[in-house]
Protein chains: 2
Amino acid sequence: MDIFLKTIGAINDETRIKILKFIDINGEVCVCDIENSFDMIQSRVSRHLKILKDAGFLKVKRVGRWAYYSIRDPLDIFRQNILKEIGFLDIELPTLNKECITNDTSK
Amino acid sequence: MDIFLKTIGAINDETRIKILKFIDINGEVCVCDIENSFDMIQSRVSRHLKILKDAGFLKVKRVGRWAYYSIRDPLDIFRQNILKEIGFLDIELPTLNKECITNDTSK
DNA sequence: TATTTATATTAATATATCTTGATATATAAG
DNA sequence: CTTATATATCAAGATATATTAATATAAATA
């Protein structure tokens with residue numbers, strides 16, 4: 001029940017739905033990519049990413065001072081269904097803005 | 001987005017998850033059945049049922065002074081998946097307590 | 001080593017949601 | 001027509017969640 005509520009609670013927020021779909025579309029991004037793309041302050045982005053990660057939707061890979069977030073793989077069927085449903089939603093997303101010093105996501 | 005958030009918001013509550021699973025298992029019930037089974041005050045039950053109905057999970061059939069709630073049919077795939085997931089949850093539900101004056105649900 | 005950059009966390013405030021008790025409505029029964 | 005029953009709605013207080021600003025941590029660079 002607790003895990004289910006954590007999963008549902010994570011997507012019960014417009015900002016997180018957008019961030020989740022954004023990562024699903026653009027693949028691995030760092031915190032500052034989202035900060036720049038969405039024009040949100042850093043603490044807000046960091047907090048939402050943590051909630052999505054703790055709910056099992058995202059994984060994080062730390063390289064140097066960067067944290068790269070991406071869709072967790074493997075993802076169970078239920079979360080896959082949620083992602084699919086979010087994919088159907090007609091929401092406007094910003095284009096990926098890679099202003100961070102980083103130019104390579106591949107490290 | 002609004003409909004999606006309403007759907008998710010409806011199941012982002014332990015009480016409603018229990019009520020939804022209860023109705024899924026027991027079939028059509030009236031408000032007072034839930035009131036008696038869960039030992040909750042009427043306004044609370046009524047409110048949660050309305051939220052679940054407005055979110056597309058339940059339908060209501062009014063007969064005389066009673067309101068019979070049941071799982072909406074047809075139910076889209078996404079809500080079906082949610083119901084299935086809730087079905088997997090290991091939560092304790094009360095047994096159906098039909099203390100209301102009504103004895104027949106079939107009218 | 002001191003400074004800058006990327007991220008995380010915390011505290012305060014704002015906003016939303018839940019619960020309860022009171023009241024409203026509508027049907028049935030006396 | 002008055003009373004009782006079933007349900008719905010509303011207002012007030014309690015609780016949870018989101019946002020911001022400030023601070024902490026940790027790695028890279030000067």
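Let's start in chain A, where A:Lys53 pairs up with A:Asp54 in a salt bridge, their closest N and O atoms sitting 3.6 Å apart. Keep in mind as you look around that this is a predicted model. How exposed are the two partners? A:Lys53 has a relative accessibility of 27%, so it counts as partly exposed. A:Asp54 comes in at 37%, which also puts it in the partly exposed class.

Now move along chain A to A:Asp76. Here the salt-bridge partner is A:Arg79, and the closest N and O atoms are 2.6 Å apart. Is A:Arg79 buried or exposed? With a relative accessibility of 13%, A:Arg79 counts as buried, because the cut-off for that label is under 20%. A:Asp76, on the other hand, is partly exposed, with a relative accessible area of 31%.

Next, hop over to chain B and find helix α4, which covers residues 42–54. Both B:Lys50 and B:Asp54 lie in this helix, four residues apart, or about one turn. These two form a salt bridge as well, with 3.3 Å between the closest N and O atoms. B:Lys50 is partly exposed, at 47% relative accessibility, and B:Asp54 is partly exposed too, with a relative accessible area of 37%. Back in chain A, salt bridges that share partners link A:Lys50, A:Lys53 and A:Asp54 into one network, and the pair we began with, A:Lys53 and A:Asp54, belongs to it.

How many salt bridges does the structure hold over all chains? The count is 12, and the pairs visited here are among them.

Conventions:
Residues are numbered from 1 along each chain as its sequence is written. Chains are lettered from A and ligands numbered from 1 in the order in which they are written. This is a predicted model: local features need pLDDT of at least 70, side-chain atom pairs count only at pLDDT 80 or more; totals for chains, interfaces and linings use all residues. Side-chain values use heavy atoms; hydrogens and water are left out. A salt bridge is a side-chain nitrogen of Lys or Arg within 4 Å of a carboxyl oxygen of Asp or Glu. Buried means under 20% relative accessible area, exposed over 50%, partly exposed in between (1.4 Å probe, protein chains only). Helices (H or I, at least four residues) and strands (E, at least two) are DSSP runs, numbered from the N terminus.
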